Amino acid sequence: MTHWTRTALLLTLSATAVAATLTPAVTPVAHSRPAGRAAPALAWHPCEPAAAGRVPAAGQQCAELRVPLDYRDPGGRTVAVAVTRLRTDRPEARRGTLFVVPGGPGSSGVQRLAQKGEALRAATGGAYDLVSLDPRGVGGSVRASCGLPEADRHLVTLRSWPAPDGSITANAERSRRTAELCARNGGPVLRSFTTANEVRDLDRLRAVLGERKVSVWGSSYGSYVGAVYAQVHPGRVDRLVLDSTGDPDPGRVAHGWLANMAPGAAERFPDFAVWAADPAREAEGLRLARRPGDVRPLFLALARELDSRPRASDVPSTPLTGNLLRQALQNALYSDAAFAPLARLVKTAQDPQGRPALPPELAGPLPDADASMTVAAVCNDVRWPGPDSGYARRVAADRARYPLTAGMPVNISPCAYWTHDQEPRPTRISDDGPSNVLMIQSLRDPATPLAGALKMRAALGERARMVTVERGGHGMYLGNGNACGDRVVSDFLVTGERPARDTHCPD
């Protein structure tokens, strides 16, 4: 899937000042594996490109971990979870294991390690064996399907975008149908796709690896998983990095994260507007306007035009609609690297003779298992407001305040109709635990905006320090961040030192 901290905590320090104020946060552990205890063997083998979604990192290995389907019945049915590792290339520098926890919900840990493993190993000087897993429902782990019709498996329908006139009648019907199909066909496997079970699976992996403690880098939704892991098992976490974080309030988990995407997109869009109005875009054929202030009305007008007159795209069965364009924007705001494809899409959609090329993630339906997991992972964790709780009113207000997202973030979803085997009880994150947490956060995050991240920071209290980065985008460490932010996180992972107080890294 994956919003937290407040301006009083932000101190603008230069990179030199950051380094000067570092203080130890946790006593280094030379070897975190208990002496004299042999690690139960996993059948490690080289990862296949298909599992990694790309060429695996050099030396990346994969294995299968068996875990209980239901931890209340540890002797009952087990299911498979795909795990992966990239061992240190400097054994003499090894201090332990670092869990890399992917976001989503729905992202693959095997793919995450293929994408980030080599850079992470270099940034930390080989201090860790890097380990990750595919959460249940993802990649090579146990899967389940709801039997969703193809029309309901597009990202633009899985996300509840209201009709052009703001009506949510079709969204409500689709949501009810999806919840009923998942209840009928998903079975106990689908119901096991929860944060609590991901935390349990991670701890099972820690035990199988023979580690007394692990360090954790969680990104987006993975930062919430990491925070819950440290709350449930405070004595088993060495160093914890929370990257791009959401509001941990049990009353806001999942549906509050989605709602925060509306202000997040509004805060992030000016970065795209400045880029799209830059004269440098002229030679690229991607300049959308002469002034940054003209880009937003241009985009909104084009989306309204496509609401009434969709354009034929390069995918015959999928015309470019206003909501497809809005979803393309939502995706593109995660990274500056996506600005050029978005501008190209806008330019082509403006041309009466153009045939817009849809981004791959919007060009067709998701596989049933992927779509089902995407729904279940956010519905299982918490009870959402029911279908009669005023969704139409909230959508109308949100559309007026945040037209770029047109009411989608607060709209009705299958979770409003979801059935639970037992009452879900999200873990409350608190300041009870060791002071070994470092948060890193963009100032303009479209998915987990700063306002939500500040709430995680407040919940953690003296357990945490936070570094904000003068950038927009989602996922800061070794991603959209800057050299200062990357250095603070890497130093913390390697030495255990972190800023003495909350810190800001300039661009």
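In this predicted model, F272 counts as buried because its relative accessibility is 1%, under the 20% cut-off. W275, at 18% relative accessibility, also counts as buried.

| Residue | Relative accessibility | Class |
|---|---|---|
| F272 | 1% | buried |
| W275 | 18% | buried |

Both residues belong to helix α10, which covers residues 261-277. F272 and W275 are three residues apart in that helix, so about one helical turn separates them. A search of the whole structure finds nine aromatic pairs. In the pair formed by F272 and W275, the ring centres are 6.2 Å apart and the planes meet at 20°, so the pair is stacked. F272 and W275 also belong to one aromatic cluster, together with F269, F299 and F339. Elsewhere, an arginine is placed against an aromatic ring: R394 lies over the face of Y391, at 4.6 Å from the ring centre.

The second largest pocket has a volume of about 820 Å³. Its lining comprises 30 residues, and the closest to the pocket centre are T194, A196, N197, R200 and Q422. Two or more lining residues come from each of α6 (187-191), α7 (195-209) and α8 (221-232). Of the elements, α7 gives the most to this lining, with six residues.

An unreviewed UniProt entry lists residues 407-505 as "domain: Peptidase S33 tripeptidyl aminopeptidase-like C-terminal". Over residues 407-505 the chain is 29% helix and 23% strand, and the end C-alpha atoms of this stretch are 33 Å apart.

Conventions:
Residues are numbered from 1 along each chain as its sequence is written. This is a predicted model: local features need pLDDT of at least 70, side-chain atom pairs count only at pLDDT 80 or more; totals for chains, interfaces and linings use all residues. Side-chain values use heavy atoms; hydrogens and water are left out. On a 1 Å grid over the protein atoms alone, a cavity is a set of points where a 1.4 Å probe fits but cannot get out, and a pocket is an open set with protein on both sides within 12 Å along at least five of seven lines; lining residues have an atom within 4 Å of a point. Grid points are joined across faces, edges and corners, and a volume is the space filled by probe spheres set on the points. Helices (H or I, at least four residues) and strands (E, at least two) are DSSP runs, numbered from the N terminus. UniProt positions are given in the numbering used here, feature names are shortened, and annotations may be inferred rather than shown by experiment. Rings of Phe, Tyr and Trp (its six-membered ring) pair if their centres lie within 6.5 Å; planes under 30 degrees apart count as stacked, over 60 as edge-to-face and the rest as tilted. Buried means under 20% relative accessible area, exposed over 50%, partly exposed in between (1.4 Å probe, protein chains only). A charge sits over a ring if NZ of Lys or CZ of Arg is within 6 Å of the ring centre and within 35 degrees of the ring normal.
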